[in-house]
Amino acid sequence: MTTQLRALLASAGEDIREQLDAWVKARSFPLVEGKSATFVWRGEADEVRLRHFIFGLETSQPLERIDGTDLWHLEVEIPPRSRVEYKFEVRRGDHNKWIRDPLNPHLARDPFGANSVLQGAGYEIPDWTRHDPKARPGTLEALTIASEAFGQPRHCKVYLPARFRRTRRYPLLVVHDGSDYLNYAGMKIVLDNLIERLEIPPLIAVFADSPDRLHDYANDERHARFVTEELAPRISSALPILDTPASRCLMGASFGGVAALSTAVRYPNYWGRLLLQSGSFAFTDIGHQHHRGALFDPVVRFMNAFREAPTAVSERVFVSCGVYESLIYENRSLVPLLDETGMQVRFVEARDGHNWENWRDRTREGLSWLFRGPLMMIYE
Amino acid sequence: MLLGAQRFDSTLGSVVRGIACEGPIAIITAGWREREDEDGELRAHLECETVNLNLYQRASDVWRRDPELRQAHRAKQTTLRHKQDFYRIRLEYELEANHVIRQRRAPPEILAEEEAASLAAVRILDAYHLDQIRQLHEKFEAEVGLATRPVVAEHREQLAEQLAGCKGIAIAGGHVASMLNRMRLFGLRELIDDQAIFAWSGGGMVASDRVVLFHDSPPQGPGASEVLDAGLGLVSDIVMLPHPETRLRLDDAARVSLLARRFDPAACLALFAGAHVHVHDGAVVGASTVERLATDGSHTPFEVAS
């Protein structure tokens with residue numbers, strides 16, 4: 001039990017319910033005190049359990065009810081600066097329901113939804129992800145490409161950096177799940193800020209969306225063709241893009257990471273930069289059985305083949321993954337294979353999960369390594 | 001007059017009027033590169049007759065009309081990049097060695113001696129690099145006969161004429177290597193007579209005698225300051241450090257000390273927004289909102305020696 005809660009109960013009189021109301025109202029939850037965090041849930045139930053999403057650890061822990069009240073609590077240890085996703089499992093009779101923490105405003109979003117997130121002591125949303133009124137803003141413009149590969153249109157948004165000039169040439173960054181990166185990872189603000197701070201060069205980014213990402217991104221030949229033979233040439237013909245592999249980057253998270261890597265494998269040495277975040281790089285190595293469902297079948301086939309004979313398909317590859325994700329094993333084990341091919345590889349882990357905030361928080365490190373900015377040379 | 005950053009709170013106009021420089025003023029915005037001619041805001045601050053020397057555009061004209069020189073210049077630039085790259089490799093090892101030595105536990109006198117030797121190695125490397133770069137420039141200029149090449153001479157003549165009618169020169173910040181290249185190409189140092197100089201950010205760095213690139217908190221690497229080149233030498237024994245608000249960790253005594261000792265006896269000056277350093281006849285006669293980095297790791301307001 002947290003020190004604060006213990007103190008409150010020790011001093012509580014008959015009006016404990018009112019005192020708890022005031023205590024809860026005055027705090028944000030989970031209550032983090034150094035290395036410990038206290039989860040609190042209020043309501044009538046037969047049982048309340050914490051369900052966190054740390055792969056490999058016991059996920060279900062019961063909350064304890066304070067007698068005579070509707071307050072349930074659980075204290076756990078939490079490493080500094082970490083972010084842990086969780087839900088509460090509330091049981092009433094035979095009815096079980098998983099809910100987000102109503103007392104916690106912080107959410108971790110992923111391609112499939114959102115969870116509550118516990119932020120360890122010292123975690124702060126990086127300042128370069130927040131709107132900076134001093135940063136010159138780039139622009140976003142919608143673009144629809146009639147894809148021959150897919151036989152249907154694909155929708156994108158094109159980012160032009162502040163002070164864009166047609167007389168200059170720019171690197172090209174293609175971002176899978178583009179709208180989600182914009183909406184949940186704040187990528188426009190991130191690009192505006194990193195460019196303003198000279199940490200990356202001004203670049204043109206295409207935020208591409210798929211109407212069927214779980215199929216398109218799972219090593220689909222049509223997707224690789226669309227991105228490389230349709231989208232990139234279309235952008236290059238309309239905008240001043242640097243025509244070197246080192247100036248072309250594919251970026252993606254989760255299945256988007258698979259899309260980026262598999263496209264680069266199908267078009268070796270065209271995409272000289274890869275930014276792969278929590279890639280769904282499932283493999284079996286021995287046999288073909290896996291537990292991730294049929295949607296992963298083409299991914300597993302692709303990864304098994306790539307792992308069997310990895311080749312250098314790009315120049316620089318930045319890989320990041322949360323240590324609390326189930327995919328940490330797959331990502332960790334991919335890194336030495338990429339490294340052995342002679343590609344330059346950087347791997348970064350974070351105490352975080354499979355969510356957009358994790359991917360957002362790693363973009364500075366990834367992009368500035370893939371595209372070195374001119375901050376040492378420019379003093380405006 | 002060396003100034004702090006001007007983008008958000010420009011003090012340029014008031015500084016120019018404060019020393020009764022009525023113009024015309026020559027403007028150098030070569031550090032803005034393709035945006036060189038977007039100088040409307042700057043002209044508005046100056047509130048007097050101005051002429052942009054257009055060094056960036058002039059250089060483009062030179063490259064277009066003298067392809068042989070362009071080729072030779074490109075080759076020199078490639079060599080410079082290699083030199084900077086190898087210097088950086090060696091520098092990072094020397095700085096890492098210095099860091100390790102400072103972390104070691106040893107009798108104080110041994111530690112001090114070894115740390116001093118380590119720092120001396122860094123200073124020797126800085127000096128060696130600066131000398132290498134100077135030799136490269138001299139060799140290039142002699143081999144191509146830079147001053148006598150017709151297109152270059154034509155531009156130098158025009159620039160001399162423009163500058164002769166100017167009371168002041170305003171050197172804006174920007175890309176310091178681009179700026180230096182253009183200034184060197186047109187022999188700008190030799191063309192400056194007794195005009196008042198107003199230089200800020202990168203412009204101030206280029207006006208000094210040694211250009212030191214720096215950033216204590218880059219997204220990659222340890223943030224090792226590095227010598228780029230000699231500057232115009234309009235002011236001596238000052239290492240210009242603009243934008244300290246975002247570029248320097250002044251609360252990190254070890255970093256402050258290392259930088260100050262590395263370039264000692266030159267004064268490492270952090271010029272905050274709104275800062276100015278007034279230099280007259282080679283001596284500092286006034287300063288405001290400037291911090292001097294001290295060898296003991298502290299930093300104090302820079303004051304003019306009486």
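Biologist: How many residue pairs are in polar contact between chain A and chain B?

Modeller: The model is a predicted one, and the count takes in pairs with both residues at pLDDT 80 or more. Between chain A and chain B, the residue pairs in polar contact number 16.

Biologist: Which element gives the largest share of the side of chain A that touches chain B?

Modeller: Helix H10 (356-370) and strand E19 (378-379) of chain A each supply at least two residues of that side. By class, the side has seven nonpolar, two polar and twelve charged residues. The largest share, four residues, comes from H10(A).

Biologist: Which three residues supply 36% of the area that chain A buries against chain B?

Modeller: The contact draws on 21 residues of chain A and 30 residues of chain B. The two chains bury about 2200 Å² between them, with 53% of it on carbon and sulfur atoms. The three that supply 36% of chain A's buried area, more than any other three residues, are A:Met376, A:Met377 and A:Tyr379.

Biologist: Which residue of E5(B) does A:Ile378 stand opposite?

Modeller: E19(A) pairs with strand E5 (residues 174-175) of chain B in the antiparallel sense, over two bridges. The residue of E5(B) opposite A:Ile378 is B:His175.

Methods
Residues are numbered from 1 along each chain as its sequence is written. Chains are lettered from A and ligands numbered from 1 in the order in which they are written. This is a predicted model: local features need pLDDT of at least 70, side-chain atom pairs count only at pLDDT 80 or more; totals for chains, interfaces and linings use all residues. Side-chain values use heavy atoms; hydrogens and water are left out. Contact means heavy atoms within 4.5 Å. Buried area is the accessible area (1.4 Å probe) that two parts lose on being put together, summed over both. A polar contact is a pair of N or O atoms within 3.5 Å; within protein, one must be able to donate a hydrogen and the other to accept it, and residues adjacent in sequence count only if both atoms are side-chain atoms. Ala, Val, Leu, Ile, Met, Phe, Trp, Tyr, Cys and Pro count as nonpolar, Asp, Glu, Lys and Arg as charged, and the others, Gly among them, as polar. Two strands pair if DSSP finds at least two bridges between them.
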